[in-house]
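Please keep the sequence and the structure in view while reading.

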Amino acid sequence: MYKTMKKPLQNQKLLNYSIIFLLFISSSMKSQTVFQETFGTAASATYTGATSFPSVSYVQYGGGVVSTAVIGTGTDAYLNMITNAVAPAVGTRPTFCGTIPTGTGFNPILTSNTNVVTWTVNMKTNRLGSNSTTSYAEGKNFMCVVLCASNNGILGNTTPTGSDGYALMYQKNTIVGTQASISLIKFHNGIGNSSTTVDALELCTISRLIESPALTAIPVTASFAALSVKVVYNPNFDSWQLYYREDPAAATDPIVDPTTGTLLLAGTVTDATYTSTPMTNFGFIAGTQTNNGYKSQFDNFKIELSTPPPYTAPPTVEKRQVFNSTPIPTVANLVATGDNIKWYTTATGGTALATSTALTYADYYVTQTISGTESERVLSQVFVGDTELKTLPLYEGFANYNISDKLILMNNGASISNAANAGTGLGSWSIIPTSNITDDVTIVASPTWSNTVLPAATGNAITFVGSGVDPELNFTNTTNGSLYSSFVFNAVDAPTSIVASTTTDPNYSTPTGFYSFMAQSPSTTTPGTFNNDYASAVMFRKNMTTNKYNLGLSKSSNVNECVWSATEYDFNTQHIIVISYENIGDADALNQVAKLWIDPSTSTQPAVSTLTQNQPTTSVSRDHIDRIKIVQASSTSTPTIIIDEIRVANNWDAAIGSSLATDAFNADAGFNMYPNPVSNGILHFTSSTNLEKNVTIFNILGQEMLETKTTNQAINISNLSKGTYLVKITEAGISATKKLIIQ
């Protein structure tokens, strides 16, 4: 009867990193063991499968030490696989592969099963999540458990070849590179290899279906990571669920039975790629990197069948939804595709939100209910902020965003050919879709900036390195006059990936831009595309001999016409950068001038800029400028950069935030405002008459952030971010302006 329920889930890819606490095995569900492998109760030099249930014979691909071992004085053995002390030859990566027993009720064609298929296993390793730098791409895993495969050639360079299937991969986390995660993957032509000359990706194809959050028990100093893992496949929906638990991690800790206790749900995905292909094998693979002494340990592998529980597929929802704070958005504004949609503020427990509930910058979870069965909760990050077109002067201190957020979050399927699925940015940041969908401009805490020219930093910062998407911050189109922008900048390091140029000057890395004004306009030759005309592009190049760098300036993005600073700067030093593009729209291109100031010593505009560019070989003119752009140009040219405190204005004073420094406050006119600083979101007022007051709040650039009236002598300012503001209070025609600090 369950087969009649089968239907595809609506294009549900990697849904969430939600944390849902569920009992691992429901006492109400009957289960049947297809296969169980405990590796016996005593250590042995080799293992043949004699204590498994049913007993199986393993194919072993050699290399390293493969044996069972026991922990401490215990009697429970586990599979212990240690990487060779020398570089292995092709096909010698430690690998165990067995055949899934037949006659147990398990149908090798997964989608033909009438029962839910559940795999459980323990995985333990002494390899750090931070091991190596950038070499751990997909397919270069630390350790792997093959849940099911089409043959026993589960390595990409063994015989037979061409094995397809599903596996668990312990690997460096894609977001927090100093830690590891557990992923459910599907593979084609095997998993990895052991050649020192051929990358795994050249022999196999790995697709990550679900990835857990970064594992907390495996920081850079950990000696062991221990996991209990469960995967559930429901043939009625071709749905896969990944559960995990971090267990005691010391080398002498016993392994915890993965079929007991509580596990976390890492996510759900629908995939039918190999569900119609006979799955006949399973296996264990040690790390596919050539390193000495890394241990991959496995225990308690089990395959079970159980009666499918009532199930409803999760709804389809974007991973991020962005709303302007005016008017205040509510739950009714959230978008998800499904039936009987409900929204929650937690991944587990709680009451569904009323549609009138005001949204904040937070994680929300959505379900759908069909035939009385509610689906699991799916994460959607909601950003509520100033998403309208910026007006000048503008200030971006990154205070409204959470540390570790991505400035741009790529939507599923975003590419140059799928512009409708562009990346969603925080605040007013956005991108133009390209074929490069790397998402790695990250919010970080502001360093302790030492500058004395700009106002003190008020929020966070951004960091990036190498190539990736190029976030843009649009503002009111400027067609004449001049524009200025300031920011604080640090080239933190020069990764080994930055190499000498082979086309310009071998003494330097290839010049690359990282920050620029830009004018965007529709292409007159290719409808539907845009021309991106850079102006006052700030450039970088590394001196390969001195290990220092120059900053440069290009009136466009032409690196051959860039002018360079005479000074070379040390890495990991802080600098104030101010750029300008002057005489926008002037009919004479030579009157349009790009300028760059490095570390101005005072808030007063210096008479002479550090660099000036107005006479490139090719005529360059801009009839408008409407955005700034962060550029991640090249994996071999762009260093690790931190940028903070971005300001844009049509004059120098506003662009460095000094225009408010000389503002005189009016007499207080008998008004009192408290508490100050305020931390609870409620600001109170008193006066001699206590009449109705008009209250207007401005940020430090003079931009109006809130205007309201109060008769109860208090207003709600919880939507304003931390920082310094000016509050103008007007009562009975009398006004006063006061400084306010929000903590």
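Ser536 lies in strand β32, which covers residues 530–542. The model is a predicted one. Although Ser536 is not a glycine, its phi is positive, at about 55°. Is Ser536 buried or exposed? Its relative accessible area is 0%, and the cut-off for buried is under 20%, so Ser536 counts as buried.

Strand β32 belongs to an open sheet of seven strands, ordered β26-β29-β38-β31-β32-β33-β34, with antiparallel pairing. The edge strands of this sheet are β26 (429–430) and β34 (563–564), and each of them pairs on one side only. Strands β32 and β33 (residues 549–554) run antiparallel and are joined by six bridges. Val538 stands opposite Leu553 in β33.

Asn340 sits in the loop between β17 (320–324) and β18 (342–344). With 55% relative accessibility, Asn340 counts as exposed, because the cut-off for exposed is over 50%. As background, most residues other than glycine have a negative phi, and most peptide bonds are trans.

Two peptide bonds in the model are cis. One joins Leu392 and Pro393, with omega about 0°; Pro393 is in the loop between β22 (378–385) and β23 (394–396). The other runs from Asn676 to Pro677, with omega near 10°, and Pro677 is in the loop between β40 (672–674) and β41 (682–686).

Turning to charged side chains, a search of the whole structure finds ten salt bridges. The table lists some salt-bridge pairs.

| Arg245 | Asp247 | 2.7 Å |

Lys548 is partly exposed at 30% relative accessibility, and Asp570 is partly exposed at 39%.

Lys595 in strand β36 (residues 593–598) and Glu582 in strand β35 are 13 residues apart, and this pair too links distant parts of the chain. Lys595 is partly exposed, at 22%, whereas Glu582 counts as buried, at 12%.

For the remaining pair in the table, Arg245 is buried at 14% relative accessibility, and Asp247 is buried at 9%. Elsewhere, a network of salt bridges links Glu472, Asp626, Arg627 and Lys629.

How values were computed: Residues numbered from 1 in each chain as written. Predicted model: local features only at pLDDT ≥ 70, side-chain atom pairs only at ≥ 80, totals over all residues. Heavy atoms only, no water. Helix = DSSP H or I, 4+ residues; strand = E, 2+ residues; numbered from the N terminus. Buried < 20%, exposed > 50% of the residue type's maximum accessible area, 1.4 Å probe, protein only. Pairing = 2+ DSSP bridges. Salt bridge = Lys/Arg side-chain N within 4 Å of Asp/Glu carboxyl O.
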